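Please look over the structure below. The report that follows takes up the interface, the salt bridges and the sheet.

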Amino acid sequence: MNYLTEVVYLIASVLFILGLKGLSHPETARRGMHFAEIGMLMAIVGTLVSGHIVTWTWIITGVAIGSAIGAAMAIFMPMTAMPQRIALSHAFGALAAVLVGVNEYIEKGGHGELSNFLMSAIGFEVLFGALTVTGSLMAFGKLSELVKSAPITYKGQNFVNITLFFTAFGMFVYLIFFPYNPVIFYTMIGLSLLIGVFLVLPIGGADMPVVISLMNSYAGLAIAATGFAIDNKVLIIAGSLDGASGFILSIIMSQAMNRSFANVLFGAVGSSQVDAGNLAEERPITRVGIEDTKFILEQADRVVIVPGYGMAVAQAQHTVRELSDELDKHGIAVEFAIHPVAGRMPGHMNVLLAEANISYDQLLEMETINPTMDSVDVCIIIGANDVVNPAARTDKSSPIYGMPIIDVDKARTVIVMKRSMATGFAGIENPLFYAPNTKMLFGDAKKVLQELVAEFKK
Amino acid sequence: MQIELIYILILAGFVGFEVIRKVTPTLHTPLMSATNAISGISLVGSLVAAGSDNETAQILGFIAVTAATINVVGGFMITERMLKMFKKKEKK
């Protein structure tokens, strides 16, 4: 590695960090991304002119195909499909790491240069890389409904997974001391690929935000390990940034769902879905119609909308924007309260609302909005359930007890838009629906919203 | 020697932790696609393999280059596309 290349890599590393720093605010974010893009370009050009390249055919073909696929995915992928795209790209990133690792193993192995240190790096890289490849593909399959998104469980599942993991890990340790054993090396990769599948199999659709974040972290770690294997510092830095990012997001997501990592990976919650509706009709609820809803809203000064994944499924975000515009015309302040796990991945709901042209300063986090909830006149809940369930605060026997929720029940009036009385993902009864200040507005979210907007336009 | 790489790993981890903790939750999805694009830096390792004179390395490198390029190009493009949507309403 010559001196100039090292300097270029160092500048690229700094630009990457500045790029991520820009994401602390929507106003600086795009400039930050330009920094990161320049850094990437410099690193690539720096590598190409470093003198290590002797043939160009494969490079040009690979870059051309990769650019075409990457650009097509970026241009045509709808925002609702963002979680799938991200899951897929974790698989690609990890695949690249695994292949570089395998190549390094073959090459250095051929020269008898596999030191214990190098083998640890390569082993770690392929172990984490391979399980990220299949794990992410499984997540992709579940998110795009190619694979059954409900948890798939069987007896002794955790035992099988743990045995597999320890076998693969044992092989990894063996290889550190006896690296020249390709059979063990490739078997380890095979096992790791299997682990990835088995790891995600029992995890349900609602837990995907944690899985995606975790895979993000693993992919980053695999890239950092690649940096160790090929002695390249910019890979270590970029991999660490990626790993740290995925790790932080996993923690945020787990906390927001009131779960530990271990619980998400081994708990398979959601497999025992409670049959909905048994309890539902026994207690009285207050129904409300479109006209009355309009009347209630007109009396309000401050309205908070709580969107859930149901809103995204109904593709209702644009209609929500129209409603927000109508309320704005009446001089009513509208804000959106967003729970961290409202979408299928971290920040997903914000992107969907931003796409519908809702100003980002109207999007408020749970922690910001909760202390002001008592001064909210009307709270409209669209397709959200568990994240507004007050049982999380009050009912110690509830499975979601302790989960941070948006305190919508503290608003003066709560309007719940819901298809039916069915329970949410966790299959838990929601006392909010029976509260005296709650009114239920049944129907398809998009249709109901359209009618409401039409009512305002009359 | 190698200890220097471990220094870099740990320090970069700390920097990453501090920088990412300050990322606004509104931008968590763009953050993920941005780190995806940045982790496409494994492209530099793949390029060296694809551009070597060894046939096995060329094939492994070629697939790795393709996969990493998808992430770099796709990742940055989609991040830009998302960030463009985050607008502030001008108050009339």
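## Model and interface

This is a predicted model. Chain A brings 100 residues into contact with 79 residues of chain B. The size of an interface is often given as the accessible area lost when the parts come together. Here the area buried between chain A and chain B is about 7,800 Å². Carbon and sulfur atoms give 75% of that area.

Between chain A and chain B, 19 residue pairs are in polar contact, with both residues at pLDDT 80 or more. On the side of chain A that touches chain B, 61 residues are nonpolar, 26 are polar and 13 are charged.

## Salt bridges

Over all chains, the rule counts 15 salt bridges. Across the interface of chain A and chain B it finds 1. That bridge joins the side chains of Lys233(A) and Glu4(B), at 3.5 Å from N to O.

Lys233(A) also forms a salt bridge with Glu6(A), at 3.8 Å from N to O. Lys233(A) belongs to helix 9 (residues 233–256) of chain A, and Glu6(A) to helix 1 (residues 3–22) of chain A, so the pair ties together parts that are 227 residues apart in sequence.

Strands of a sheet pair through backbone hydrogen bonds, either parallel or antiparallel. Chain A has an open sheet of 6 strands with parallel pairing. The strand order is 3-2-1-4-5-6. Which strands stand at the edges? They are strand 3 (363–365) and strand 6 (438–442) of chain A. Each has a single partner strand, so one side of each is left without a neighbour in the sheet. From one strand to the next, the twist averages 25°.

Strand 6 of chain A pairs with strand 5 (residues 413–418) of chain A in the parallel sense, over 5 bridges. Within this pair, Ile415(A) stands opposite Lys439(A) of strand 6.

## Helices on the sheet

Helix 13 (residues 317–329) of chain A packs on the sheet. Helix 13 touches strand 1 (302–307), strand 2 (333–338) and strand 4 (378–382) of chain A. The direction of helix 13 makes about 145° with that of strand 2 of chain A.

Helix 17 (residues 445–457) of chain A packs on the sheet as well. Its contacts are with strand 4, strand 5 and strand 6 of chain A. The direction of helix 17 makes about 125° with that of strand 5 of chain A.

How values were computed. Residues are numbered from 1 along each chain as its sequence is written. Chains are lettered from A and ligands numbered from 1 in the order in which they are written. This is a predicted model: local features need pLDDT of at least 70, side-chain atom pairs count only at pLDDT 80 or more; totals for chains, interfaces and linings use all residues. Side-chain values use heavy atoms; hydrogens and water are left out. Contact means heavy atoms within 4.5 Å. Buried area is the accessible area (1.4 Å probe) that two parts lose on being put together, summed over both. A salt bridge is a side-chain nitrogen of Lys or Arg within 4 Å of a carboxyl oxygen of Asp or Glu. A polar contact is a pair of N or O atoms within 3.5 Å; within protein, one must be able to donate a hydrogen and the other to accept it, and residues adjacent in sequence count only if both atoms are side-chain atoms. Ala, Val, Leu, Ile, Met, Phe, Trp, Tyr, Cys and Pro count as nonpolar, Asp, Glu, Lys and Arg as charged, and the others, Gly among them, as polar. Two strands pair if DSSP finds at least two bridges between them. Helices (H or I, at least four residues) and strands (E, at least two) are DSSP runs, numbered from the N terminus. Axes are lines fitted to C-alpha atoms, for helices over the stretch in contact, and angles run from 0 to 180 degrees between N-to-C directions.
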